[in-house]
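Subject: Structure for you to look at

Hello,

Here is the structure I said I would pass on. Please open it and keep it in view while you read the rest of this message.

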Amino acid sequence: MTRAVPDDLPAAVADVFELEPLDVRRYGGGHINDTYLVTGRRGAYILQRINDTVFPRPLELMENVSRVTRHVRARLVADGASDIDRRVLTLVPTGDGSDWHVDPDGQVWRVFLFIGGATSHDVVSEPGQAYTAAYAFGRFQQQLSDYEGPRLYETIPRFHDTVKRYADFAAVVAADPCGRAAEVREETDWLLGQRELAGAMLSLQAEGVLPERITHNDTKLSNVLLDDATGEAVCVLDLDTVMPGLSLYDFADLCRSGATTVAEDDPDASKVAVDVPMFEALAEGYLSGAGSALLPAERELLVLAGEVMTLEQAYRFLGDHLAGDTYYQTSRPGQNLDRARTQIALVKALQRHESSLNAFVAGLS
Ligand code: ADP
Ligand code: GN1
Ligand code: MG
């Protein structure tokens, strides 16, 4: 678990980036980094301390973020886009010209321009929102499809290796370090029975059906900003996990977070159902945004991918519950267990709808 941030540290770091801060406050609902909104004399900024428990090599992460934002910016310029500072994250350097600052504790901080007049939503309220958010992530895939720089660093090795996630989960169930396993036996038994599904995407990659791409890997809906006035997606956020991966991971996490009727941590998992119009809007949006960047197999396996990624997330949330809530930020006891239960319910719901959702996806190609 990362250390608490001392109260006066964010403002001191804001000075290193010469933001001339008037106000510094915690911001956003991310589960990983410590995020602050800094209102400065010359503008507003997002100041973040990178979670180095989750990202043990933060400087490699920053190198990735710099390469990716430069590439996307160049693509936007080439396309004649307007308002470019709102359409891609912009790193703000320190007074010494560095993209990051290391504090006396060895923790790495960075600053982005704050993108105003836009909001990140945990739950989408209508299919138009789902379409535009998914379009933005599909477009992000498309924008990175001609990246020719050095291979990006793997900021979290084997991040979406669901076979490893399964094994890690089985290990924490066996070790049961907090004595919580007995209370979640039903969930655990079901999850341990899903080994085949857990390996499905990696098998397709090993067979050469799915190619490696540069992917975002954390495409939940709250990681895209939607314009408050027009409702349109403005900018893809949270680039810490941009690295080599499968394009289907990116559709899949959209499906996991957006094609459901309840919040990720809703205490009542019996309410979880597939929101079919949302799923359809996500599929149409993602495929339209990605356009010609994807192969037929990457366009056809959307439903399977949604099931696998939601399953992966269930292993991760329940694993963190069993481990004593050491990975995800939580705001109440049992939150990771609730999160795991909604994910399990969603995998089951996706499986029940599988044939009709697959038929819809087939109709898009
Ligand atoms: P985490 O990895 O903890 O999820 P994020 O990078 O996603 O951190 O940031 C957390 C939240 O902060 C986002 O969901 C979004 O609401 C807000 N945010 C991040 N970057 C910006 C930005 N440049 N402009 C406006 N809001 C932002
Ligand atoms: C984390 O960083 P954030 O809150 O956008 C996690 C994702 C999970 C997600 C579940 C680096 O995303 O993998 O899908 O929580 N990010 C990391 O809500 O582990
Ligand atoms: Mg986030």
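Below is what was found around the two ligands, taken one after the other.

Please keep in mind that this is a predicted model.

Ligand 1

Start with where ligand 1 is: it sits in the largest pocket. Two strands, β3 (43-49) and β5 (108-113), are the elements that give two or more residues to its shell. The shell around ligand 1 has 19 residues, and the closest are Asn33, Gln48, Ile115, Ser120 and Asp238. Sorted by class, the residues of this shell are 10 nonpolar, eight polar and one charged. Domain 1 (9-116) and domain 2 (127-364) each provide at least three residues of the shell around ligand 1.

Several side chains come up to oxygen atoms of ligand 1. For Gln48, a polar side-chain atom is 2.9 Å from an oxygen atom of the ligand. In Asn223, an N or O atom of the side chain is 3.1 Å from an oxygen atom of ligand 1. For Asp238, a side-chain N or O atom and an oxygen atom of ligand 1 are 3.0 Å apart. How much of ligand 1 does the protein bury? Ligand 1 exposes 550 Å² when taken alone, and 95% of that is buried by the protein.

Ligand 2

Ligand 2 also has 19 residues around it, and those that come nearest are His31, Lys220, Gln313, Arg316 and Tyr327. By class, seven of the shell residues are nonpolar, five are polar and seven are charged.

Polar side-chain atoms lie by the oxygen atoms of ligand 2 as well. Glu264 has one 2.9 Å from an oxygen atom of the ligand, and Asp218 has one at 3.0 Å from an oxygen atom of ligand 2. For Arg256, the distance from a side-chain N or O atom to an oxygen atom of ligand 2 is 3.5 Å. On its own, ligand 2 has 440 Å² of accessible area, and the protein covers 98% of this.

Which helix gives the most to the shell around ligand 2? That is α12, with three residues. Both α9 (247-258) and α12 (302-323) supply at least two residues of this shell. Domain 1 (9-116) and domain 2 (127-364) each contribute at least three residues to the shell around ligand 2. Like ligand 1, ligand 2 sits in the largest pocket.

Regards

Note on methods. Residues numbered from 1 in each chain as written. Chains lettered and ligands numbered in written order. Predicted model: local features only at pLDDT ≥ 70, side-chain atom pairs only at ≥ 80, totals over all residues. Heavy atoms only, no water. Near = heavy atom within 4 Å. Polar contact = N/O pair within 3.5 Å; in protein donor to acceptor, adjacent residues only side chain to side chain. Areas by Shrake-Rupley, 256 points an atom, 1.4 Å probe, with all protein chains shown as cover. 1 Å grid on protein atoms, 1.4 Å probe; cavity = no way out; pocket = protein on both sides within 12 Å on 5 of 7 lines; lining within 4 Å. Sits in = over half its atoms within 2 Å of the grid points. Helix = DSSP H or I, 4+ residues; strand = E, 2+ residues; numbered from the N terminus. Nonpolar A, V, L, I, M, F, W, Y, C, P; charged D, E, K, R; others polar. Domains from an automatic or database assignment.
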